[in-house]
Amino acid sequence: MTNIRVVGLLAALLGLGLITAPAQAQSYPSKPIKAIVPFAAGSATDQIGRAFAQKMSEILGQPIVVDNKAGVNGMLGADAVAKSAPDGYNLLIGTNSTNAALKSLMKKLPYDQDTAFAPVGYLGSVPLIVAVNNDVPAKNLKELVELAKAKPTHVTFASASTSQLVSTEVLANMAGIQMTHVPYKSGPAAMTDLMGGQVNLFTADFAVTLPQVKAGKIRGLAVTSTQRSKAIPELPTVNEALGLKDYELIAYFAIFAPAGTPHDIIQKLNAAINTAAADKGILERFAALGFETAPASPEALAQRSKAETAKWAKAIRDAKIEAQ
């Protein structure tokens, strides 16, 4: 049998599914991998995503090239990955924005959030800090609520992501106050305006807020987790500050691939993620941001995404946030 006929026969058998291609995962990765961060450079998603990408590159033996594609609460970057080839070379550094809340925030997404992605691995989570400009006459969260009640819509707040928007709107709803929303394209830009006094309040992840709080450039009022953060234990939780019980909104990060990405490749990526999540350098670097890892399987991430989607849908509904 000639070589041409052998190749033809093998191709036919592959097409019929009678034999499997050896080793797609064994040879993977054989070229650089692209990972899209759907938010701006300098954001927590960007910092954490790049750190994991670097460590995973060492483990997998191929570069992971990070590309920032920000816009529409992460939708633009997520859409780009959803429509990419499912070959393991296109990844999304996803968050609660892209893979939980967007479904409830947008009237129409250019992809099906529930089916467009294959969960790969969970990176971790960070709480947010509720912070105000230093000139705002409120030394704690209770005083801010009193100020907002005295002057409805007078207090302005910034947001550049779903977690920032929803955490503030839910807080306002539970506290019975009205504030005026000022949208931004990126967290660093919102922080610049908070420090400059163009907006009064900004609730954002530790990567954006903590350095400025520590430097005294803004005033931290509370953290959005149910427990105080070891990174800044002097700040109370929102629940403590306002006498609430059920307030909690945190940001989390995970890696997703386009739906249809081979299972063996996902498993290989998941193993690299979990190894990186245990890396001492990553843990020490982001400890000051309140970052906590939780290595798990792709199946566990799928369950988390489903639960978080329901949680954020309820939070958005309760806060009466209209879909855009």
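A crossing of two helices counts as right-handed if the near helix is turned clockwise from the far one by less than a right angle, and as left-handed if the turn is anticlockwise. The views below show a predicted model.

**View 1. Packing of helix α5 against helix α13**. Two packed helices are described by the angle between their axes and the distance between the axes. Here α5 (residues 96–105) and α13 (residues 298–318) pack at about 45°, and their axes lie 8 Å apart. Angles under 35 degrees count as roughly parallel and those from 65 to 115 as roughly perpendicular, so α5 is oblique to α13. The crossing of this pair, α5 and α13, is right-handed.

**View 2. Residues at the contact of α5 with α13**. From α5, the contact takes in Asn96, Asn99, Ala100, Ala101, Lys103, Ser104 and Leu105. On the α13 side, these residues meet Ser305, Glu308, Thr309, Trp312, Ala313 and Ile316. By class, the contact of α5 with α13 has six nonpolar, five polar and two charged residues.

**View 3. The largest pocket**. The space in this pocket amounts to about 650 Å³. Its lining is made up of 30 residues, and those nearest the pocket centre are Asn73, Ser159, Leu165, His181 and Pro183. At least two lining residues come from each of β6 (156–159), α7 (162–175) and β7 (180–183). Helix α7 gives the largest share, four residues. Of the lining residues of the largest pocket, 16 are nonpolar, 10 polar and four charged.

**View 4. The second largest pocket**. Its volume is about 320 Å³. The lining of the second largest pocket consists of 16 residues, with Pro127, Ser225, Ser229, Gly290 and Glu292 nearest the centre. Six of the residues in this lining are nonpolar, six are polar and four are charged.

**View 5. The largest cavity**. The model has one cavity of 30 Å³ or more. The volume of the largest cavity is about 180 Å³. The cavity is lined by 20 residues, and Phe39, Thr45, Ser161, Gln164 and Asp205 are the closest to its centre. Two or more lining residues are given by each of α3 (44–60), α5, α7, α8 (187–196) and β10 (251–258). The lining of the largest cavity divides into eight nonpolar, 10 polar and two charged residues.

Terms used:
Residues numbered from 1 in each chain as written. Predicted model: local features only at pLDDT ≥ 70, side-chain atom pairs only at ≥ 80, totals over all residues. Heavy atoms only, no water. 1 Å grid on protein atoms, 1.4 Å probe; cavity = no way out; pocket = protein on both sides within 12 Å on 5 of 7 lines; lining within 4 Å. Points joined across faces, edges and corners; volume = space filled by probe spheres on them. Nonpolar A, V, L, I, M, F, W, Y, C, P; charged D, E, K, R; others polar. Axes fitted to C-alpha atoms, helices over the stretch in contact; angles between N-to-C directions. Parallel < 35°, antiparallel > 145°, perpendicular 65-115°, else oblique. Contact = heavy atoms within 4.5 Å.
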